[in-house]
Amino acid sequence: MNDNARVRNLFVGLLGAVAGAIVGYFAFFWIAQQGFYALMLPGGLVGLGGGLLVKDRSPLRAALCGMLALGLGVFTEWRFAPFIKDGSLSYFLAHLHELRPVTMLMIVAGSVFGYWLALGREAVVKPGEAPPAAT
């Protein structure tokens, strides 16, 4: 795969990740209104959006999506349940260690899914075809 195709795939993947982030953010709040706590969903949809439309395997794209998923998970939790003492984002970030363990676990799991799903897939070699040339 040439450099232009890789850059295009990175760009398309990141656009998909942003679209997944938007859908995941609003889907989390819709599901929360139904009585469920799906904090892994925003990060997972970042990864799904980041890896769905691309045709290559990219650790760079996956790392960027994983970081976006982590930030989105923290931001979503802050918007959903800010601290009572001070509702500001800066206070929330300074006191992340005070979140419940299940909340931290779900944010991290969403980030892992964000990475894993955005990683992409290797080109599949069908029987009788030559494998793609390494670049």
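The points below go from the overall architecture to the aromatic pairs, the charges over rings, and the surface.

1. The model is a predicted one, and the comments that follow should be read with that in mind. The protein has 5 helices and 0 strands, so that, in the order read from the N terminus, its elements run α-α-α-α-α. The C-alpha trace spans about 65 × 30 × 25 Å along the principal axes.

2. Of the 135 residues, 36% count as buried. Among the contacts with a separation of 6 or more, 72% are accounted for by residues 24 or more positions apart. The protein exposes about 8,300 Å², and carbon and sulfur atoms supply 71% of that area.

3. A pair of aromatic rings is described by the distance of the centres and the angle of the planes. The structure holds 12 aromatic pairs, and the one between Phe28 and Phe80 is edge-to-face, because the ring planes stand at 80 degrees, with the centres 5.1 Å apart, and the cut-off for that class is over 60 degrees.

4. Phe29 has a relative accessibility of 23% and so counts as partly exposed.

5. Ring pairs join Tyr25, Phe26, Phe28, Phe29, Tyr37, Phe75, Trp78 and Phe80 into a cluster. Two rings of this cluster have a charge placed over them: the charged end of Arg79 sits over the ring of Trp78, 5.6 Å from its centre, and the charged end of Arg100 sits over the ring of Tyr37, 5.9 Å from its centre.

6. On the surface, a nonpolar patch is formed by Met40, Leu48, Leu52, Leu53, Phe113, Tyr115, Trp116 and Leu117, which together have about 770 Å² of accessible area. Helix H2 (40-52) and helix H5 (101-118) each supply at least two residues of the patch, and H5 gives the most, with 4 residues. One of the patch residues, Phe113, is located in helix H5, and its relative accessible area of 37% makes this residue partly exposed.

7. Leu64, in helix H3, deserves a separate comment. Its relative accessible area is 32%, so Leu64 is partly exposed. When neighbours within four places in sequence are left aside, Leu64 is in contact with Leu10 and Leu14. Leu64 and Tyr115 are 51 residues apart in sequence, while their C-alpha atoms are 7.8 Å apart in space; Tyr115 is itself one of the residues of the nonpolar patch.

Definitions and conventions: Residues are numbered from 1 along each chain as its sequence is written. This is a predicted model: local features need pLDDT of at least 70, side-chain atom pairs count only at pLDDT 80 or more; totals for chains, interfaces and linings use all residues. Side-chain values use heavy atoms; hydrogens and water are left out. Rings of Phe, Tyr and Trp (its six-membered ring) pair if their centres lie within 6.5 Å; planes under 30 degrees apart count as stacked, over 60 as edge-to-face and the rest as tilted. Buried means under 20% relative accessible area, exposed over 50%, partly exposed in between (1.4 Å probe, protein chains only). A charge sits over a ring if NZ of Lys or CZ of Arg is within 6 Å of the ring centre and within 35 degrees of the ring normal. Patches are made of residues with over 30% relative accessible area and no salt bridge: like charges are joined within 9 Å, nonpolar side chains (Val, Leu, Ile, Met, Phe, Trp, Tyr) within 5 Å. Accessible areas come from the Shrake-Rupley method with a 1.4 Å probe; for residues, only the protein chains shown count as cover. A salt bridge is a side-chain nitrogen of Lys or Arg within 4 Å of a carboxyl oxygen of Asp or Glu. Contact means heavy atoms within 4.5 Å.
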